[in-house]
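Subject: A structure for you to explore

Hi there,

Here is the structure I promised to pass on to you. Have a look at it first, and then read on for what turned up in it.

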Amino acid sequence: MPGVVLSTLNAKYIHSAFGLRYLLANMGELRARTRILEFDLKQRPVDIVEALLAADPEIVGFGVYIWNVSQTTEVVATLKRLRPEIIVVLGGPEVSFETHGQPVVELADYVVAGEADLTFPGLCERLLAGERPAARIIASPTPDPAKVRLPYDLYDDDDIGHRVIYVEASRGCPFSCEFCLSSLEIPVRQFPIDGFLTAMERLLERGVTQFKFVDRTFNLNLKISRRILEFFLERMRPGLFVHFEMIPDRLPDGLREIIARFPSGALQFEVGIQTFNSDVAALISRRQDYDRLEGNIRFLRGKTGVHIHADLIVGLPGESLESFGSGFDRLIALGPQEIQVGVLKRLRGTPIIRHDEEWGMVYNPAPPYEILQNRLLSFPELQRMRTFARYWDLVGNSGNFSGTTALLWRDLPSPFDAFLKFSDWLFARTRARHGIALTRLMELLHTYLTKEANVASDEAAGALWDDCLSAGRKDIPPFLRELLPDREPPPRSSIQAAGPRRQSRHTAAGRL
């Protein structure tokens, strides 16, 4: 019997559609008539439509996000042209705010705005019964987590073997940062912890080794945080890796003690700093204690094996290039393994737009709506920073150059200025932000270090050689063998670091 198809376009195949699994888990009597078909951005919209039509649905529900709205619009347009009788229902953050004038909204029959776990099933019941609600935009009441059925049993063996497993112990955020959609989800709502941990136990029994918590403020409720950490610590095994987003200035002794007991590389903390400029933070309604923040990161780096992924945003109102660079240098001094340099995005529904006139904020009208220029940063400067961010990810974050990267600013006062100079040089040489092969990047790094940064050739080559070994490369590039002909690669390290490959490189580099 035709029923409901839940669909979305994931950014990559390895991602799993967490929201669709929540919807399916809560479909009640319609669950047997509902299925998930998830795709990724590499697939052609016409092929996606072919797969959807093969399922012969009456209703198709699409999860719409900033990364897939353009392609989803094409899918919906094609679907409605071929089978206009199919009812299309949209949901997700990209269509939960400012829906007027959105092409994908105009193509669809209905939109469920907000958390749709309990609203979408009721809408489908009405639609399948022949009832057509008058309102196209349906505002979903915020659900009580205790009434939401958990979706974790819907991860199948293929998901467990090949995809990221997303989990959450809470929803919402207590803060009001104006650039973030989570600022609209106040207060924080906790899922019943006993049922949640029972579900985590089942995932562990099924072989899940990597858990990505999507809670915005994992360490807000210290009692719950400690219980979750203790749960995973008691079940620690080789390869177990757990990712959390944490409030950077909240890490009391009770959490420090248990965090320090985890083996190196088993935990990753995403630390959202965003800016070190207190005036900018106040402007965007962000509250954080910088002294506590720095003390917490120093503790994590010095006393634990936590992998730290810290975030900074370029393009915030009131933040100049010099101010951002100062914050970057301050963060480098704290030593996180990764620094994500993000470019400000104007997400639908966020109050960051109140600064548009005063600070001359100009955003790209196309997803992902990144800032193009503002009063303090010109378009060329922001393009320069986009290049910086891309190259920093390739060099500073990747774990492929854990020892070499610091040579770029050795004996210089500002790592930011030094890497920006390298970024400018590299872009002038390649005119490419993507598609630079790893061996080619190593050669370019060696050239820059020896020709522009006054590093001796054998020292630069030696650092690159050591990075090859710590990153677990099977062979040494020919140009390094020519530069260091007397050096023989030792046997490959037997160190088995926990976590995904990228994080494992950082962990291995710290051990060798």
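A salt bridge is a side-chain nitrogen of Lys or Arg within 4 Å of a carboxyl oxygen of Asp or Glu. Keep in mind as you read that this is a predicted model.

Let's begin with the charged pairs. Side chains of opposite charge can pair when their charged atoms come close. Asp109 and Arg132 are such a pair: their side chains meet in a salt bridge, with N and O 3.6 Å apart, which is within the 4 Å limit. Where in the chain do Asp109 and Arg132 lie? Asp109 is in the loop between α4 (103-107) and β5 (110-113), while Arg132 is in the loop between α5 (119-128) and β6 (137-139). The two are 23 residues apart, so this pair links distant parts of the chain. Asp109 counts as buried because its relative accessibility is 17%, under the 20% cut-off. Arg132, at 47%, is partly exposed.

How many salt bridges are there by this rule? The count comes to 35. Another of them joins the side chains of Arg44 and Asp47, at 3.0 Å from N to O. Arg44 has 52% relative accessibility and therefore counts as exposed, since the cut-off for that word is over 50%. Asp47, at 32%, counts as partly exposed. There is also a network of salt bridges that links Glu115, Asp117, Glu168, Arg171 and Arg189.

One more pair takes us to a helix worth a visit. Arg384 forms a salt bridge with Asp424, and their closest N and O atoms are 2.6 Å apart. Arg384 sits in helix α14 (residues 379-397) and Asp424 in helix α15 (residues 415-430), so the pair ties together parts that are 40 residues apart in sequence. Both are partly exposed: Arg384 has a relative accessibility of 33%, and Asp424 has 30%.

Now follow α14 itself. This helix has 19 residues and reaches 25 Å from its first C-alpha to its last, close to the 27 Å expected at 1.5 Å a residue. Where does α14 bend? The bend is at Tyr391, by about 30°. Tyr391 is also one of the buried residues of α14, and others include Leu382, Met385, Phe388, Trp392 and Val395. Just after the helix, Gly399 takes a positive phi of about 85°.

Rings pair up too, and the structure holds 28 aromatic pairs. Phe388 and Phe419 form one that is edge-to-face, with 5.3 Å from centre to centre and 80° between the planes. This pair links distant parts of the chain as well: Phe388 is in helix α14 and Phe419 in helix α15, 31 residues apart. Both Phe388 and Phe419 are buried.

On to the inside of the protein. The largest nonpolar core has 118 residues, and those with the most contacts inside it are Tyr152, Phe196, Phe211, Phe213, Ile228, Ile259 and Phe328. Apart from this core lies another, of 23 residues, among them Val5, Val76, Val105 and Tyr369. Which residues does Phe211 touch, not counting those up to four places away in sequence? They are Ile165, Val167, Met200, Leu203, Leu204, Phe232, Leu240, Phe241, Val242 and His243.

Is Thr73 buried or exposed? At 18% relative accessibility, Thr73 counts as buried. Leaving aside its neighbours within four places in sequence, Thr73 is in contact with Pro103, Val104 and Leu107.

Finally, here are some backbone details to find. The peptide bond from Pro367 to Pro368 is cis, with omega near 5°, and Pro368 lies in the loop between β15 (362-363) and β16 (371-373). Ser285 has a positive phi, near 65°, in a residue other than glycine. Ser285 belongs to the loop between α10 (278-283) and α11 (290-303) and is partly exposed, at 25%. Arg431 is not a glycine either, yet its phi is positive at about 55°. Arg431 lies in the loop between α15 and α16 (438-451) and counts as exposed, at 59% relative accessibility.

Enjoy exploring!

Best wishes

Note on methods: Residues are numbered from 1 along each chain as its sequence is written. This is a predicted model: local features need pLDDT of at least 70, side-chain atom pairs count only at pLDDT 80 or more; totals for chains, interfaces and linings use all residues. Side-chain values use heavy atoms; hydrogens and water are left out. A nonpolar core is a set of buried Ala, Val, Leu, Ile, Met, Phe, Trp, Tyr and Cys residues joined through side-chain atoms within 4.5 Å. Buried means under 20% relative accessible area, exposed over 50%, partly exposed in between (1.4 Å probe, protein chains only). Contact means heavy atoms within 4.5 Å. Helices (H or I, at least four residues) and strands (E, at least two) are DSSP runs, numbered from the N terminus. The expected span of a helix is 1.5 Å times one less than its number of residues. The bend at a residue is the angle between axes fitted to the seven residues ending there and the seven starting there. Rings of Phe, Tyr and Trp (its six-membered ring) pair if their centres lie within 6.5 Å; planes under 30 degrees apart count as stacked, over 60 as edge-to-face and the rest as tilted.
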